[in-house]
Amino acid sequence: MVQKPGRYTGGELNQIVKNWDATETRVALVFPEIYDLGMSNLGLAILYDQLNQRHDTLAERAFCPWSDMENAMRAAAIPLYSLETKHPLADFDIIGFSLPYETLFTNTLNALDLAGIPLFSAERTTQHPLIIAGGHATFNPEPMHAFIDAFVIGEGEEVIHEIVDTYQEWRRSAAPRPELLEALANLWGVYVPAFYEAHYHPDGTFSHLTKQLEAAPLPVTKRIVPQLPPPVTRFIVPYINTVHNRVPIEIMRGCTRGCRFCHAGMVTRPVRERSVEEVVTAIEGALAQTGFEEVGLLSLSSSDYTHVVDLVRAISERFTGQHLTISLPSLRIETVSVDLMDALKDGRRAGFTLAPEAATEKMREIINKPVSTPQLLDTAREIYSRGWTTIKLYFMIGHPSETINDVQAIADLCKAVLAEGRKVLGNRAKVHAGVSTFVPKPHTPFQWVSCDTVENIRAKQDLLKRQLRGKGLKLNWNNPEETMLEAWLSRGDRRLAQVIYQAWMNGAKFDAWHEHFNFQAWWEAFTALGLDPAFYTHRQRPIDETFPWEHISTTIRKKFLTEDYLWSQAGDTRVDCRNQCFACGILPTFAEIRREHPGKAWGCPEVKSRRKGDKSNTILIEQVAVLD
Amino acid sequence: MTNQIRLRITFSKTEAMRYTSHLDLHRTWERTFRRAGLPLAYSQGYNPRPKIILACALPLGITSLGEILDVWLEKGMPISEVLSALQSTLPPGVTIYHLEQVGLQEAALPTQITAAEYAAEILESVIDLDNRLAILLSEDHLNRERRGRGYDLRPLIENLSRLPDTAAGCQRLSMRLSAREGATGRPEEVLDALGISSHSVSLTRTKLILK
């Protein structure tokens, strides 16, 4: 028998099974990882909910089988199937892949292969499903351009309906497949790579993109929803344990902090919030339908949610005594955060997480996450004194202009925090340091920066391993070779598609799994194609370089990113943009939408009219342009 | 504490639920009670756990028509109310056959179990089945190894006999195996001792025997 057969059965509480034959359009939603991880993905749950609300559409789930099941399926010639009705994926009209991170790329190829569907978009015909993909990794879609027919750039809640409508019209018209792709390319937020050709300079750097279809948009602007739709409450309750086995409720989307390393913080702008009432009602609804004992309140920065104090109060009033664990991740390093967590007290006081990301004030200024060290230590003391025994500290190494002294400072800071704990708790106090390696991401102010070399990373990790041992200290780190893979794939151009294909042919899959990660497969793929991996990772890019992802517009202007990058080199920080609009590009692009959705739900200033406003908090489009 | 009641539920574990492990089944029941809005009692202490005790772990993949659990509620309420609240929120694969109140002071449920009965439907006919049964039952010892430990299977077999074939002509066996702490017979082991692959058998636990 295979391990955990419960991954492959479907049939869980709250799954939605529709009449296959009586439903016009059938969509398979694939999270190309094992069930245990995929079932924890909120994006998948949102699209499942959205699509199944339509009477003319059904959405079913599929995940990658773990190797034991894959071997059994291949041996028995069983194609990859959906969990709800066990239909082979090839029988669906549309297959949507969720790609929140790059290490899912080979799994996507493997899933298509297991489904018996040609991997390359160009090889697929009208008889094959339409293959679409979305998620944060598709803000640089180029490495996967050869395999995906159409990418969704940005938020999917509305555009997924337009895609289904477009598909249905095309099916009724019986037109050839290119007409479907053409119609899709005209939807806001959809990128059809086949309609563009990439050109490179003799030195290998990216030059420009030319259109193969006059009507294709250039750039392709990301999709946003003006207002967050009502949260999903009818979550599927797995029969087996999954990574996050809980109710996830997004309280806020976007972030105004502007940490320069943070991809999510840049691509999910603008900030949009849900009301306390909406969140609390959603929790009640979800608990009644699932019985989950844990709720995760999700956002990129909980402390910045305007009503966080009210929310915490409302939740503790409404749910006290129900043995409910509430997690409120991503809190700022300040004592107020400890008050918030205290109010959500759940009995369990296992670990309190803080993410200073860097250990010196100077480095925190470079990355624009300014926190003073005394403030961090004050917060730590407060955490220990309220009964938490463990503080988890998240750092990154490999920040731009980092020296070995900055790494030494990580060890010193961890010990300083532990010393605070010992004052309160004695030897019971613990510090767990999670030290990952910085990867410069597209669309961020650090997109020009070179990634640290494997040798450097190893030297820095060795220092930390030597220093962070002994009672009360624990260290986690990433394999530097896995970091390289993440860097190649996130910063890649179209030429990477062949590398991904070759690596998959060489056996690469489940790249995010230590036991499966196959560096050799990737290295050989680069070699076979005559590409130098270091070109993608270890090259400080000139300030005027054109990036292969620039045709994908997050609406944050390159000028803004350039300026912010130069500011970081000068040690200048930017304040929370709720205090001052820096005209990153969001508001000028979406001024019309903002005008139609006034009020506090957006983090950006209001846009009331094109004429002079009279309220001080009203910023005019003209003013925004001036600031730029 | 004083108002707590203790209930005993006999239920099925079928369909996809048969791949739910002991630990996950425990969680499934906790969630069922939470959905039903019933006042589940929790243990005291640092890490409160719901007071639900499953009688006897079932090997993954085997369906059951006779699982038993004990559960404590914070306050007394009519059995019929509990039952109807649960019925409306049961997950697929679970049916409640019986619900009764039992004494708070009764011994822990797992210690009350003495044996388990299984029905095995053999999908690929075994011509000399009667002969194999006779040979196995005539043995005084059946020394076997499981997970690197030797043990004697024979004393754990309380009963092993044929049931009438199914309408489709499948052979069937009935087994009653010891299910005491430290002396639990596994039906796949019995099948293996008979030279029958458990992959070609559909196994169902039909009953748990209490003292």
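Predicted model: local features only at pLDDT ≥ 70, side-chain atom pairs only at ≥ 80, totals over all residues.

Six strands of chain A form an open sheet with mixed pairing. Read across, the order is β2-β1-β3-β4-β5-β6. Which strands stand at the edges? They are β2, residues 57-63, and β6, residues 190-191, both of chain A. Each has a single partner strand, so one side of each is left without a neighbour in the sheet.

A helix packs on this sheet: α2 of chain A, residues 42-52. Helix α2 touches β1 (25-31), β2 and β3 (94-98) of chain A. Its direction makes about 155° with that of β2(A).

Next, domains. Chain A is divided into domain 1 (5-215), domain 2 (246-344), domain 3 (349-478) and domain 4 (555-627). Take domains 2 and 4 of chain A. Here, 12 residues of domain 2 are in contact with 15 residues of domain 4. What is the make-up of the domain 2 side, by class? Five charged residues, four polar and three nonpolar.

Last, the two chains. How many residues of chain A are in contact with chain B? There are 19, and they meet 19 residues of chain B. On the chain A side, nine residues are polar, eight are nonpolar and two are charged.

That's the tour. Questions, please.

Conventions
Residues numbered from 1 in each chain as written. Chains lettered and ligands numbered in written order. Pairing = 2+ DSSP bridges. Helix = DSSP H or I, 4+ residues; strand = E, 2+ residues; numbered from the N terminus. Contact = placed C-beta atoms within 7 Å. Axes fitted to C-alpha atoms, helices over the stretch in contact; angles between N-to-C directions. Nonpolar A, V, L, I, M, F, W, Y, C, P; charged D, E, K, R; others polar. Domains from an automatic or database assignment.
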